[in-house]
Structure formats: structure tokens, C-alpha cells
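Please look through the sequence and the model below before reading on. The paragraphs that follow go from single residues to the whole chain and back.

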Amino acid sequence: MPVPNHVETELRAETVRPDFVPASDYVSREFAQLEKQRLWPRVWQLACREEELPKVGDFVTYDICDQSLIVVRSAPDRIRCYHNVCMHRGRRLTDKTGNVVRFHCTYHGWQWGLDGKVIRVLDREDWHGCGSMEEGDLRLREVKVDTWAGFVFINMDPDAEPLAKFIDPVPSYLAPYEYDKMRFRFYASFRLPCNWKAAQEAFDEGYHVAATHPQILAHQGEDWTRSFAHGRHGMFCYPGRPDGKPPAPFGAPSPRLGKPVPADLRPGVVAHFDELVRTLPVLYSVRDGEAVRRLLSEVPPETPPLDVFMKALEFQREAAIASGAGWPNVTLEQMGRAGTDWHLFPNMVTLPWPDGVIVYRSRPDGDDPDSCIFDVWGLQRYAPGAEPKINRQFFYGKDDWRGVGAVSLILEQDFLNMEQVQRGMKSYGFPGNRTNPMQEVAVSNMHRVLRDEFLFA
């Protein structure tokens, strides 16, 4: 449904600043319609991982708003993407995931090959003399597809710029982590009671950690972040204190707690990994948590902070190699340059670590600006042949998301914020987000790109 001109004019007149994002970006149905019409049909977006398509005929159904797409391995060395619709009467051809030798419409029996060519039209002679019945007219409509780091991206715009150009400069920062050598350890999809951007932005910044995840402060060390825009994309890192004082070392209490830095940082480092392995079991591997315990028996108590951190990495590396999983050739300098968290426009967030990474993906839930589909993926390095079978979990019932605490305390803390944020942003007393211009730049930058390059270009 077209957005009335006067409504679009009002939305266009609102402005995004580093310290402000209008509330209408999250709660306006008209804004969501503009996204549906001008963003999702024109943007590169994450559809799946290559390991979800290991064999010829394996497919994943990717839904965005009211569009559905089939991503399929059509040949050993080729992945294709098609609009998920029968060219006869419009029935969708696939749902979720599976393996096929051909696409079959169960309504009237039309069929297509994995290359998109029509191979069966029941009683085709009935159309004798009719126009637009040639092979090119009946083949499945193809969509641009490309890959990066094991991720499969699609774009419905036939004139879209190449994926490599669109995601630049992100690969130059994350390539050392070898995402392509990681495989699924966790896959969960949730229906959340908030806008897709409100969900995503809960993972775009570290500013919320002190209030939302206070249990981490006891051993996180420095928790003041800086956020930076990199073209369309954004990231945050922990560069040090804004007052110029040395940052609190990893394994020490956050400076916000007003506690002294202990002379022995080993217990704090071990506690940090224990806490995260237990309460966010989709980033650090269990192997990581077990490996750092060697600090307590093999590293002297008076070891300097950087050396403790380096020994922790060394022990994790040795454990990964011993398991056959390998370890990326990533340097400390490259880890520092990559930072903690990256937002790839429009709807992908990832937190890298050498042995495993988190990936978050947020999508609209139909036309409802107050609901979204939020995916949480945990990827990890495995020895060849030791990769677990992908276990996709779906929590799409009205309140199913509330059970996430059984999996992750940290995700539960984040999800509880989202519900209340979406409600609060509808208040007549709330003009918009006062984004932190130092620590939440990735959030405001995303809205700047959304508005300036897609909705109101």
C-alpha cells in the first residue's frame, strides 16, 4: 500500500543526528511500509550459510516481509536464488529447508529444474496458441546471490552493486578470523515483540552492559566503549578511558565498581570465560573456557596483564589445534583493529573471536512494526568431520521468547529490554532516541544510511 504523500513528507522532515534517532523509525507503520518498498527489495541481506547447502539440491527458504526466496545449491560449485513462487497460479514452492531434485508445485504439478528451467507443465498443449508460454516466460525468476566468509547473501535488485563493494570495508577487518572455516553450533530463531531495528540495536553497542548485564562487570575490565561508522556499517571497541587514564585490564573489575585492580588477574580472566560460556553459550567455546583454567596452575600470580591475556589465547589456541579444529592466523594487532562488534548494514551483527563467533540477524515480521524475527547463530571451529548436525530451533509462539533464559541469561536480559523499549517508544512524551554520540554511533549511522540511501534518497 503506497504511503500517503503528506505522511512521507513528515517522515522525511525528521532528521537523524549522532545523538538522535526519531521514534517514528521504530513505531510508524508508514515507515515500515517504506522499508518494505524501498529497502528490502534493493539491499544485500544475509540469507543463510554455505554449510546449510552442502549437497546439490539442498535449499533454504528465506522470507523477508511478504517476499519469499529459495536459495539452492544447483551444482557442486554454484548457489542460485529464485523467487519462491509457481509461475502458474502463484503457490509457494518451498518452506523452510530440504533437498530436492526438482521444484514441484503440489497445486497443479508444474515442475522446474534446479537451474530454474521449467521441466513440466501438466497438459501443456492446452495453452496452444497462447502468448508468453516460451521457456523464458515460465522459468523461475532469478535473484542475485553472492557469498562472503561462508555467508550467503541475496539481493532482489537486478542492478545492485557487487556484494564486495557493498560490504566494504568489513572483510578487511574480519578476514583474519576465518569465518568460512566455522560451522554452526547453535541456531535459534525468535519472534520478538519489537521492531526489527530495536532488536538489532540491542547488540550494536556495549553501552548497555553496565545496566543490563551487571554480572559481567566483576571481571570484564574496561567497559567504556567507542563506536565508529565505516561507510554503511558500524562497529564498537574498547580503546581505553575517555579521561586518558589507562584502561582497566581484562580480568579486573570495571572502574564503575570503584574496586582496586587485583595484583593477580588470573582468577578474573578465568571467571570471565566461565561466566560467558555459561550465560552466553554461543560465543566462546566450552574448549575456550576449559583451556584458560591452565592460567591458575601454569602462570605465576604476578604476571603482567597483557601477558596473562596472551597466555589465555595461547592455551585456547593449543586446545583448538589439539582437537583438530585449527586456529586462525590472527595477530593481537588484528584483533585490536577488528574490535568487539560489527554491524553490517542493514540487519547483521557479529562478535568475533578466534575459536567462535556470534551472528545476529533481525528481520521484519510481515507488516507489523511491533514484531520481528530475530535469529541467533553461534559458529565454532571444528575438526573436519566433527561438525554437529545443524539443529534449528524456532520460538515463534506469542511468548515463546520468554523461555530463552533456559539457554542464555544474557539473551534473556537483552530480550526483556526489547519488549519494554518498543512499548516505551510509543509514548507521547518520547520524541526519539538520544543515542550516545561516542558509544552508539553504529546505531545512529544505521538510521542515517537507511534514510539517506534508501528511503528518502
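Which backbone nitrogen does the side chain of Asp 58 reach at 2.8 Å? It is that of Lys 55. The model is a predicted one, and all distances here are computed from it. The Asp 58 side chain also makes a polar contact of 2.8 Å with the side chain of Asn 99. Asp 58 lies in strand S3, which covers residues 58-64. Its relative accessibility is 7%; because the limit for a buried residue is 20%, Asp 58 counts as buried. Leaving aside neighbours within four places in sequence, Asp 58 is in contact with Glu 52, Leu 53, Val 71, Val 72, Arg 73, Gly 98 and Asn 99. For a view across the model, take Ile 358: Asp 58 and Ile 358 are 300 residues apart in sequence, and their C-alpha atoms are 24 Å apart in space.

Glu 51 sits between strand S2 (45-49) and strand S3 (58-64), and its relative accessible area is 16%, so Glu 51 is buried. Its side chain is joined to that of Arg 49 by a polar contact of 3.1 Å.

Now consider the protein as a whole. It has 16 helices and 20 strands. Its radius of gyration is 24 Å, close to the 23 Å that the globule rule gives for 457 residues, so the protein is as compact as a globular protein of that length. The C-alpha atoms fill a box of roughly 90 × 55 × 40 Å along the principal axes. Of the 457 residues, 54% are buried. Among contacts between residues at least 6 apart in sequence, 67% join residues at least 24 apart. The accessible surface comes to about 19900 Å², and carbon and sulfur atoms account for 52% of that surface. There are 54 positive and 63 negative charges, and their mean positions are 2 Å apart.

At the N-terminal end, H3 is capped by Ser 28, with a side-chain oxygen 3.2 Å from the backbone nitrogen of Glu 30.

What does the side chain of Asn 433 make a polar contact with at 2.9 Å? The partner is the side chain of Tyr 26. Asn 433 is in strand S20 (residues 432-433), and its relative accessibility of 18% is why Asn 433 counts as buried. Apart from residues up to four places away in sequence, Asn 433 touches Asp 19, Phe 20, Val 21, Tyr 26, Glu 201 and Met 425. In the loop between helix H15 (409-424) and S20 lies Gly 429, which is exposed, with a relative accessible area of 67%.

Some points of backbone geometry remain. Most residues other than glycine have a negative phi, and most peptide bonds are trans. The bond from Asp 168 to Pro 169 is cis, with omega near 10 degrees; Pro 169 is in the loop between helix H5 (163-167) and helix H6 (170-174). Phe 345 and Pro 346 are also joined by a cis peptide bond, with omega about 5 degrees, and Pro 346 is found in the loop between strand S15 (341-344) and strand S16 (348-351).

Asp 123, although not a glycine, has a positive phi of about 55 degrees. It lies in the loop between strand S9 (118-120) and helix H4 (135-138) and is partly exposed, with a relative accessible area of 41%. Ala 149 has a positive phi of about 55 degrees as well. Ala 149 is in the loop between strand S10 (144-148) and strand S11 (151-155), and is buried at 18% relative accessible area.

Key. Residues numbered from 1 in each chain as written. Predicted model: local features only at pLDDT ≥ 70, side-chain atom pairs only at ≥ 80, totals over all residues. Heavy atoms only, no water. Helix = DSSP H or I, 4+ residues; strand = E, 2+ residues; numbered from the N terminus. Buried < 20%, exposed > 50% of the residue type's maximum accessible area, 1.4 Å probe, protein only. Polar contact = N/O pair within 3.5 Å; in protein donor to acceptor, adjacent residues only side chain to side chain. Contact = heavy atoms within 4.5 Å. Rg over C-alpha atoms; globule rule 2.2 N^0.38 Å. Areas by Shrake-Rupley, 256 points an atom, 1.4 Å probe, with all protein chains shown as cover. Lys, Arg positive; Asp, Glu negative; His and termini not counted. Charge placed at Lys NZ, Arg CZ, Asp CG, Glu CD.
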